[in-house]
Each structure stands twice: as structure tokens, then as C-alpha cells.
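Please read them with the structure open.

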Amino acid sequence: MPRTVAQKLIADHLVEGSMEPGSEIGLTVDQTLTQDATGTMVMLELEAMDLDRVRTELSVQYVDHNLLQTDEKNPDDHLFLQSAAQRFGLWYSKAGNGVSHPVHQAHFGRPGVTLIGSDSHTCAAGALGMLAIGVGGLEVAMAMAGQPLYVSMPEVWGVELTGELPDWVSAKDVILEMLRRHGVKGGLNRIIEYHGPGLDQLTAMDRHVIANMGAELGATASVFPADDAVREYLEAVGRGDDFTRLVADEDATYDQTEHIDLSALEPLIAKPSSPGNVVPVAEVEDEDVTQVVVGSSANPGLRDFAVVAEILQGRQGAAGVSVDINPTSREVLADLITGGWLTSLVSSGARIHQSGCMGCIGMGQAPASGRNSLRTMPRNFPGRSGTEEDAVWLCSPETAAAAALTGRITDPRTLADSHGISYPRPTMPERYSTIDDMLLAPLPQEEAEQVELVKGPNISSLPEFAPIADHVEVPTLLVMGDDVSTDEIMPAGSQVLPFRSNIPRIAEFSFVRVDETYPERAKGGEGHVVVAGENYGQGSSREHAVIAPRYLGLVAVIAKSFARIHWQNLANFGVLPLEFDDPSDHDGISVDDVVVLEGVHEALRAGRGLTATIGDREVAVHHRLSDRQVEMVLAGGRIPLTAQAL
């Protein structure tokens, strides 16, 4: 039977279930990726399971989020992560090496491999013909312990690309076009597979840009074929021997189909405050801009910085604009220096920051209140930048550079007439810089066994959670609308993330962007539920958005629908995710309505449907948990269920 690239990847790693969309499947995991905002919890989970050494082919711990060292918390956690990497047999990438996704692609990416990561943008590795999926930290910990990854078998959505990108339009505009068409829920329960003659123009790093923001579409993964562009990339990073051709069979068919004519695209931009709020740049020209930020996993390649440097070359940025540059790795920074592009950026007035995620997750570079900030980053959820009253727009490097010059949102195609600038096409080196000793290799097992975990005072053990009761009678503490993100459930940023390994402390920030009284109201009760609309829990994979409310007594979430990773995280930690049979029932629920669920244990095991009494009426709800997940919820989560089996 002819297969697509995604179907081949799944078939090669399938160990449980069948490849029927919607059914649960188990996949072997070759590689894992963790970063420091989520990795501390993963390492504590490995400790709780008493793991001796990771069972994967390769696992890597990156430090790329919590880089500001304003007190001891972040450096203490970095020491803990390094000791845990040594103890459990992981590679370790220290602070300043760069953003996990492009660094992993450069050093470890390989066609035909499965990769899961406790970061939602892990899907970026699909650029190399990998099956790369962002998941919660506990899913990664279980894979490190040798267990399969369980997911619902997605549909495969084939997106045919034809034509060639015009001047001033680049890969970021391709994924923004997908978001313009389909919004932040368009990829739910789907793998997006790009194919067609338009791929010939897109480099592996261009594909990384597109695959990365599949997370913003809600997709399980984004997949590209491993073709000549991938071979050229691997040769350019000194790993040509890792190339294996992986393309779709000629007669392969897709569950859903889409077509994009690249030649018809124009510069696009996502307005505040959603990646799905996309319009042509020409529609919003002349909005004043006070900040431009270039970098992040969504535009990580050397070309994306070089094109900005060549647009700005010999010119100063507008007087009222802060131009901020986040090189995505030490190696990209080295190539910017060698190519002369860094000099152009510095001479134009740009501020150069350390390699890492930085402004993307509110770790510095916060914009002024209510002032427009144009960023080449993947997300612009409210307050994510570190400023509560922010106005963040998402765009391509070309559009960012145009705004840097003019001080306002500007269609970059107009620069030819206004500034006499021809569209630059930077020449990339045949061989990218590689720093061989940048990543610390795993210790031999006999040495690893002697390593003690280094725990600072801010690192606490995982809380123990009780199983769900058979009779639930608890109040509703929050009633929310659609598209509530994990940034609203559990904020990132320099104020919150340093407490990522201290659940009691980080719990105090739960839902404060929705209702600042929630933590105090939740603390004093004996359990509660929250109610939400469509796509609840979109965005980051951070499992703190489940663990912290669970610590405060969250028993269940009743929503119209859930984002994939957050739904999995709820089940992993014993929180019951329920969906309305009739979505309009959401509208009749108020804060403090009491929710009653009778005979929970039998009902969950017997089928999908339950009846909840909410306030003074009965409401039909259902769950989508597999039998395996039902037992997890009933046990209080995956860790206690696993402990029962040991």
C-alpha cells in the first residue's frame, strides 16, 4: 500500500494499536528533548521512578529558557539539570548554547527518527523528515524509561506547495498563510505533511520555520520529506553520513488535502493577541512600532538574521525603535561574525542578546505598555512578552526589518521605492560553523551511577496526588471562553519560571491572568472544577499548567474541546478532562455552581458518557480517554499507576 512520509514514520515505529485515525497508538521513541523550563520536572519524575539510565537512543537536556540570573534560582536549577543529565545518561547543552530546536536539528536531527520533547515546538524537527511531537514532560520521562508514546492516530493532511516565493516573501509567510486560512485549531488531531514542487525552493531551515509553527495550528506534528534539501543541510553541518532519503510513495493519498501557490503569497502578519489573527501587512501599514525582535525557534536560521542585516546595512534603525537580535545559537552567532552581518546589525543600532529563547517567553526584552512590538517569534498570547498590556505582532524577518527602518508597520515590498533597497538574498556558507565540544556527552554508566543530584533550596519533590473520588461534589471556580492558552493558565516570564521546580510556590500564579483571586479561593477549598470553551489549553506543553492547579485542588475540567498536549497532561496527572455533549450548555454555567458527578469510577470504565449535575440542571458530558488513560485518572495519575505495577 503506498504511504506518505508521515505514514511511513508511524508504521516504522508502531508497537501498539492500528493506524486508524482517532484510535490510540503506541510508538517507540528514538530521541527525546527537554528544556530547562520543563526539564527540571522531568528529572524529578525520573528520580521518582528510580530510573538508572535512559533507555532511548539519545536524550538531550537543553538550557535555553531561564537564562536571566537575577538571583540563585536559575543557576541552581542549571546545576541540578547538569547533574541529572550526568546521572541518567543524557547529553547536556549549557546556558548560551542556543535554542533547543535548531541546536538539536544541527547536531542530532536525522531522517526517519522519532523525537518527542517537553516543548510544543519540538515539531520543528519535522523539517528533516522526522516524526517530532511536542508532549508533556511526563510523557518524555516515560519514554526515557523505555515506554512507548501513546497518541491518538492523527489524520494526515497533505499540503501541496507549488510555485516560487516572490521577493520580500519568505517561509514565515507560508505558515502565516496556513494560520490565516485555518486559525489556531485547524491542525487539531492532524499531521501536516508538506509536498509538491514548491519544496524545491525551500531550504531545510525554511522548512524548520514552517514546521515549528505547526504547533500554533494545533497539529500533532509537521512533516517534510527528506530530499536533496535535507541532504545539503546535513552536509553543511558536517553530518552528511546521517542522511537517508525518505519521500512519499508516488500514489500515496492523504486524509485531507490543501494547496498553496507560493507565487501568490504576500507579506503577512499576525495581529495581537493570537497567532491565528493573520492579515496582509498592507492592511495594517503605518501603525507605530517601538520594538522589533528577531530570533527564536520560529526564525532560527542564519539566513533569517542575515537578511535583516543586509536590509539595514549602512542605515540606522528609526529613532524610536529598539531593534533586538536573539541569535539562536553560538554557531549562528559565529557565522554572523564571520559573514560580517553582525557588524551591520551593531552599526545599525541593534541590541545583541545572548543565544536563547529570551523575549519569546518573556525572559527579557519586554515591550513598553500598549506599544506595538513586531517579532519573528511563534506566539503572541496576551502577556506572554512579560508586559501585561502588550501588543505583539508576529511577522517575517523582512517585515520586521522594514519596521525597524521606518518606525511603523511597513510592507517590505515598498522598500525598493522608499529606500532604494533591492531584495537581498544572502549567500550562505557551504559549511556552517560547528562547535564540537559545545554539548556535553553522557557519562559512562559506571561513572554516572556515582553522581549525586545537586538540589538547591528552590527544588522540591513532586507532590503526591490522591485518586479521583467516586462521588465528586465541588464548586466551579472559573468559567472561561475559547482558546485559553497555557500562558493564561500558568504564565511564563522572569517572575514565574524560576519557580518551575517548586510546585507550592509556582501554584500561586495559577490562572492569575484569568482571575487573580483564583489561587486564594482554590487554596481554601476541598476541590473544584473549571469550565472552558473551545481549544482549552492551547500553546506551550508546560505541564505546570496542570500540576499547579491540581496542587490547588483541581479535580476536573469541563470544556467544549481541548488542545492535544494539555488534554494529555490533564490525564497524566489525574485531572478528569470532560467535554460538553451540547456546547451551548457552557453558556448556562456560573462561577460557584456546584458540580456533582455520581459513580465516577464505574461510569469512566463503562463508556464515554457521564451526566453531571451543574447548579440545578443535568448536563450531558463525555470523555475521550482510552482504557489506559481511564486507569491513570482513577489512580491519581500516570506516576502512581506506574508505581502500582512495580
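**Notes on the predicted model**

1. Valine 294 has isoleucine 325 of β16 standing opposite. The two strands concerned, β15 (residues 291–295) and β16 (residues 322–326), pair in the parallel sense, with five bridges between them. Keep in mind throughout that this is a predicted model.

2. Both strands belong to an open sheet of seven strands with mixed pairing, in the order β14-β13-β19-β18-β15-β16-β17. The edges are taken by β14 (278–280) and β17 (351–352); each has a single partner strand, so one side of each is left without a neighbour in the sheet.

3. Helix α6 (residues 171–182) packs on this sheet, where it touches β13 (268–270), β14 and β19 (391–395). The direction of α6 makes about 60° with that of β13. Helix α12 (residues 397–406) also packs on the sheet, touching β15, β16, β18 (372–375) and β19. The direction of α12 makes about 150° with that of β15.

4. β15 and β18 run parallel and are joined by three bridges, and valine 293 stands opposite arginine 375 in β18. β18 also pairs with β19 in the parallel sense, over four bridges, with leucine 374 opposite tryptophan 393 in β19. In a regular strand, side chains alternate between the two faces of the sheet. In β18, Asn372 and Leu374 point one way while Ser373 and Arg375 point the other way, and all are buried.

5. How do α9 and α12 pack? Their angle is about 30° and their axes are 9 Å apart. With angles under 35 degrees counted as roughly parallel, α9 and α12 are therefore roughly parallel to each other. The crossing of α9 past α12 is right-handed. From α9, the residues Arg303, Asp304, Val307, Val308, Ile311 and Leu312 meet Pro397, Glu398, Ala401, Ala404 and Leu405 of α12.

6. Helix α10 (residues 330–338) has Glu331, Val332, Asp335 and Leu336 buried. Seen down the axis of α10, these buried residues fall within an arc of 145°, so they line one face of the helix. They pack against α4 (100–107), α9 (302–312) and α11 (341–347). After α10 comes glycine 340, which has a positive phi, near 80°.

7. Is glycine 636 buried or exposed? At 4% relative accessibility, glycine 636 counts as buried. Glycine 636 sits in the loop between α21 (627–635) and α22 (638–645). Leaving out residues up to four places away in sequence, glycine 636 touches Phe465, Ala466, Pro467, Arg550, Phe573 and Gly574. Alanine 571 is 65 residues from glycine 636 in sequence, yet the two are 8.8 Å apart in space, C-alpha to C-alpha.

Definitions and conventions
Residues numbered from 1 in each chain as written. Predicted model: local features only at pLDDT ≥ 70, side-chain atom pairs only at ≥ 80, totals over all residues. Heavy atoms only, no water. Buried < 20%, exposed > 50% of the residue type's maximum accessible area, 1.4 Å probe, protein only. Arc of directions from axis to C-beta. Contact = heavy atoms within 4.5 Å. Pairing = 2+ DSSP bridges. Axes fitted to C-alpha atoms, helices over the stretch in contact; angles between N-to-C directions. Parallel < 35°, antiparallel > 145°, perpendicular 65-115°, else oblique. Left-handed = near helix turned anticlockwise from the far one by under 90°.
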